[in-house]
Amino acid sequence: MSTIPFGTKRTRRWLPWASIAVPTIGWLVFGLFPSVATVFYSFTEYSGFPGTPLHFCGLCNYHNALNSSWTDFETSVTVTLKYVAGVTVLQISIGLGLALLLRHRRRGFGLYRALIFMPQVFSVTIVGVLFSLILDPQNGPAEPAYHGLFGSTSAFLGDQTWALWLVIMINVWMFSGYTMLVYIAALRRIPPELYEAASLDGAGRFRTFRHITWPLLANATTVNVFLTAMGCVGEYALIRVLTDGDYGTKTLGMYMFDTAFGVNPSLGYGSMLAVAQFVITLVIGSALLFFLRRREVTL
Amino acid sequence: MARSTSLSSRRHRRALAALAAVPLAAGLAACGSSSASGSGSSQTLTIAMWTNPAAVAQTQKIDAEFEKQHPGVKIKLQTAPTAASAWPTLQQSLLSAKSVDVLAQFPPTPHAYPPASTGIVPQGTPALIQSGQFVDLSSQPFMKRFDPDAQKYAMGYNNGIYGVMTAEYVNNSGMFYKKDLLAKYGLSVPTTYGEFISDMDTLKSKGITPLYVAGKDGYQSIAWFGIMNQLLMQDKPSTDAAALWEKRAQDFWSGAQSWEDPVYADTAQRYEKILSYMEPNAGGVPAQSAPGVWAAKANDFPFFFDGSYDGNTIAQTNPSLNFGFMAMPGADDAGWNRAVLAPDLSWAVPTWSKHQQLAMEWLDLFTQPDNYAAWLKATGSISTEPSVPTPALSWTDWLSKNASQGYVNAEAPWTSTKFPSEAGDIDRTKMQPFGSQTPAQALKTSADAYKSAAGH
């Protein structure tokens, strides 16, 4: 007779179901139900306050987004795409560069890796407030430095030209340590024999990187690009603290949050924006996975 | 093996029973807490307001007095800053959980209820009032302390008054100025637009940056709305304001008025000119620190656009600063440059509040003349109780003399969340000097947005 790892026969019958039931109920209550409710509310003009009428209006919110409010919708989608592209490209490049620099097990490298990863564990609010103080044009240290370098002044987060780029850079500063760690793990899995063979064949650093390192980092690149891009599509918290969505930084996530939970909340319209955000996330995510997976096979 | 299986089963059963007991115990604890708060011996009155340090501190004093008068009653004061949507988020969660008894509101005023023919469904506070979520306070004895017309304008709907407006500030058109700094350069306090520009020209020629504004949080709107109100209200008595704004909303809706009308072009031109004297990096100046920075820099920035609600903060930051407050002169005639009044903190009581009687008693205590006078002194608010005069503070000389000639602020034309954001107002972060749009381009963008949304 084989041993019964999970109690009696009877227990073994229901215990797995009971174990599944807890997360399933959690998912139904906190995952599926709010998602379905969001889609439902997107067909209403509901304010979001309990007790106020729903005002079912069919596709009116979708119609408005594509017609009279198109400018706001289009602007927020454009800002979101710029944000996603900017953060992804910079974070992957910087994360990879740092990984190449700090991949070896040398004295002091552990400390550097920890320091670079550290911003990831800070709360978004702390990072936002920290950079707001640094970039305060009256009292922050950034303004004198900028003035010394360029001989002019800037309002930084209150400047239409700079605000979005600064928010992108702050996001990259916060999360490039994570990208670096994923790349370091992948770099350490590359067999050293391949580098030895390349060296014997007379390959220089660039050719070694291009033909050995980069192709063998394809899986890590897929993970990094996908996670970074998906994390950015719905971004609003960091932007909320830094610029409140002003000066050309209103992403779709900010627009949705402001509409659904702002001063004059309209949960109906905000839900429509959340559905739109979901569709955009799905499209970007699917496209990225398709191209990155194909690239992995090609490489 | 059988023994071990049986033991293991028993352990599992115990573990499962313990797991099951956790939510049950939590539920029972919640029930206990709920019944305790509802019992006569220990009741908790929950009050929520947005963060204004002086107002919160004074409210806490009233709370302490209330608790002393009502043994067994505890007051839980919840606050959140208006910045970064913290206050709307707190308000929404309290309303959703039905766990607040007295709730601060920004008064919606009549413009928040467009005619049904517009198809605009009110959201936010007006939606709450329309759906009967707030108690009609009009018959409450403490309402007799207030001017019924002002209360009706602020929180009225149909025949009811759904909150008591206890604060009124000069926000739009508000300007602080440093008396000693103007005197140092032989300048008088400007009363007209021309004098204002002339003063700033002189100051600029002396190497002084004339103007400070918290542009990161949109406080440049104070200048925009100040000028716009003064130009729209020129030659008209203050009492005409409410009717004029009503007509303006109708005219925008019908297409008889547009953002491209000459009065708005004039507003934009004056606004751009005035802001050309501001601190160059004002776009990065946050509202939270701006009053303190302005107060500390006694020898720079003679003028500062900000609401009267920050007067006491400035006075506390730099007690030796000799400063005043006035309506910025945006029009050419001194008589037209009146203060634009903004109805502010209004207390509402939800209909589902379990402690309505206590809430009414708290409002009665809050509005008692002595308490209210102390509250006004602490906050710098204009009095809304006719029997309680607006207190004279070191910086309120102009306000004490002229606030009575002020009028209520022009509201945005009828819009809804579904309208483009630029339909109801100009996006000043995109317009010069903060953005690249010329005033004419910004006005055209808004005019086109409104026309398209209103179906002209």
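Biologist: Between which two strands of chain B does the loop with Asn158(B) lie?
Modeller: This is a predicted model, where local features need pLDDT of at least 70, side-chain atom pairs need 80 or more, and totals for chains, interfaces and linings use all residues. Residues count from 1 along each chain, chains are lettered from A and ligands numbered from 1, both in written order, and side-chain values use heavy atoms, without hydrogens or water. Helices (DSSP H or I, at least four residues) and strands (E, at least two) are numbered from the N terminus. The loop with Asn158(B) lies between strand 4 (156–157) and strand 5 (160–161).

Biologist: What is phi at Asn158(B)?
Modeller: Most residues other than glycine have a negative phi. Asn158(B) is not a glycine, yet its phi is positive, at about 50 degrees.

Biologist: Is Asn158(B) buried or exposed?
Modeller: Buried means under 20% relative accessible area, exposed over 50%, partly exposed in between (1.4 Å probe, protein chains only). Asn158(B) has a relative accessible area of 57%, so it is exposed.

Biologist: Phe301(B) also has a positive phi. Is Phe301(B) buried or exposed?
Modeller: Phi of Phe301(B) is near 50 degrees, and the residue is not a glycine. Phe301(B) sits in a chain B loop, between helix 11 (290–296) and strand 10 (303–305). Its relative accessibility is 2%, so Phe301(B) counts as buried.

Biologist: What is omega for the cis peptide bond between Gln432(B) and Pro433(B)?
Modeller: Most peptide bonds are trans. Pro433(B) falls in the loop that runs from helix 16 (421–424) to helix 17 (439–454) of chain B. The cis bond joining Gln432(B) to Pro433(B) has an omega of about 5 degrees.

Biologist: Which residues lie nearest the centre of the second largest pocket?
Modeller: A pocket is an open set of 1 Å grid points with protein on both sides within 12 Å along at least five of seven lines; lining residues have an atom within 4 Å of a point. This one has 25 lining residues. Nearest its centre are Asp147(B), Ala150(B), Glu168(B), Leu341(B) and Val408(B).

Biologist: Which element gives the most residues to that lining?
Modeller: Four elements of chain B each supply at least two: helix 9 (241–254), strand 12 (340–343), strand 14 (407–408) and helix 5 (148–155). With three residues, the top contributor is helix 5 of chain B.

Biologist: Between which domains does the second largest pocket lie?
Modeller: Domain bounds come from an automatic or database assignment. Two domains of chain B both give residues to the lining, so the pocket lies between domain 1 (16–169 + 343–392) and domain 2 (174–341).

Definitions and conventions
1 Å grid on protein atoms, 1.4 Å probe; cavity = no way out; pocket = protein on both sides within 12 Å on 5 of 7 lines; lining within 4 Å.
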